[in-house]
Amino acid sequence: MKHPSAAPELVIFDCDGTLVDSEVVAARAWSEYVAGYGVTLSPEEALARFRGVSMKWCIAHIEQLSGQVLPAHFEQELRALMGGMLERHLQPINGALEMVEQLHLPFALASNAPHHKIELCLRVTGLLPHFAGRIFSAYDVQRWKPDPALFLFAADRLGVAPQRCAVVEDSLPGVQAGLAAGMQVIALQEHGVHPEMPEGVAVITHLAQLRAQLG
């Protein structure tokens with residue numbers, strides 16, 4: 001269903017799983033890397049557990065599974081592995097390029113990922129020129145979705161009131177962050193609606209449907 005709020009003045013996109021199909025690639029990297037620490041985690045399990053949450057939470061989860069404190073270089077090595085896999089295999093979400101080229105409203109990007117990963121993903125998929133100067137990372141505010149701080153920071157930096165922003169997200173933590181920020185939320189659910197999706201959130205199954213939701 002369509003959100004009842006006024007027409008938005010700014011669209012804020014998530015990155016991973018919303019504009020770029022990076023979560024599947026990252027899940028393969030997690031599965032491969034944690035095996036070296038005695039953790040058996042399939043790519044499907046990694047995708048289900050880690051979608052939309054912070055790296056800190058993911059590392060804590062692996063520590064719990066492995067029964068050990070992970071070394072300081074764990075994140076650096078994991079990100080290096082992910083970066084190489086993203087360079088080789090990353091694709092945009094179906095319809096992402098066409099959608100941003102045709103979007104009639106100003107738009108920005110707000111992601112839990114660090115800037116270097118966001119920019120890598122956008123560069124590899126040809127999306128970077130469309131978001132230059134309007135990329136916001138949770139590392140800018142040191143708060144991660146489902147906390148609304150990142151979305152509120154992006155709106156403030158771009159001079160748009162939260163209630164005049166629309167958030168486009170694929171993950172439940174991202175949807176929760178958008179709602180907590182008081183923004184219109186549109187959930188991209190290509191492979192079925194999350195069972196805990198809050199009532200009243202507009203759902204699309206393809207980015208081509210976004211324009212109709214924005215009015």
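Which element gives the largest share of the lining of the largest cavity? Helix 1 does, with five residues. Some notes from going through the model follow.

1. Ground rules. This is a predicted model, so local features need pLDDT of at least 70, side-chain atom pairs count only at pLDDT 80 or more, and totals for chains, interfaces and linings use all residues. Residues are numbered from 1 along each chain as its sequence is written, and side-chain values use heavy atoms, with hydrogens and water left out.

2. The cavity. Searching the whole structure gives one cavity of 30 Å³ or more, and the volume of the largest cavity is about 390 Å³. Its lining has 28 residues, with Asp16, Phe50, Gly52, Val53 and Lys117 closest to the centre. Helix 1, helix 2, helix 3 (55-66) and helix 4 each give two or more residues to that lining. By type, the lining of the largest cavity divides into 14 nonpolar, six polar and eight charged residues. On terms: a cavity is a set of points on a 1 Å grid over the protein atoms alone where a 1.4 Å probe fits but cannot get out, and lining residues have an atom within 4 Å of a point. Grid points are joined across faces, edges and corners, and a volume is the space filled by probe spheres set on the points. Ala, Val, Leu, Ile, Met, Phe, Trp, Tyr, Cys and Pro count as nonpolar, Asp, Glu, Lys and Arg as charged, and the others, Gly among them, as polar. Helices (H or I, at least four residues) and strands (E, at least two) are DSSP runs, numbered from the N terminus.

3. The pocket. The largest pocket (an open set of points with protein on both sides within 12 Å along at least five of seven lines) has a volume of about 450 Å³. Of its 20 lining residues, Glu23, Arg51, Asp170, Ser171 and Gln189 lie nearest the centre. Helix 1, helix 2 (43-50) and helix 10 (172-180) each supply at least two residues of the lining. Seven of the lining residues are nonpolar, seven polar and six charged.

4. Aromatic pairs. There are 11 in the whole structure, counting rings of Phe, Tyr and Trp (its six-membered ring) with centres within 6.5 Å; planes under 30 degrees apart are stacked, over 60 edge-to-face and the rest tilted. Phe13 and Phe107 are edge-to-face because their planes are at 80°, with centres 6.1 Å apart. Elsewhere, ring pairs link Trp30, Tyr33, Tyr37, Phe50, Trp57 and Phe74 into a cluster.

5. Phe131 is buried at 0%.

6. Helix 6. The buried residues of helix 6 (residues 115-125) are Lys117, Ile118, Leu120, Cys121, Leu122 and Thr125. Just after helix 6, Gly126 has a positive phi of about 80°.

Conventions
Buried means under 20% relative accessible area, exposed over 50%, partly exposed in between (1.4 Å probe, protein chains only).
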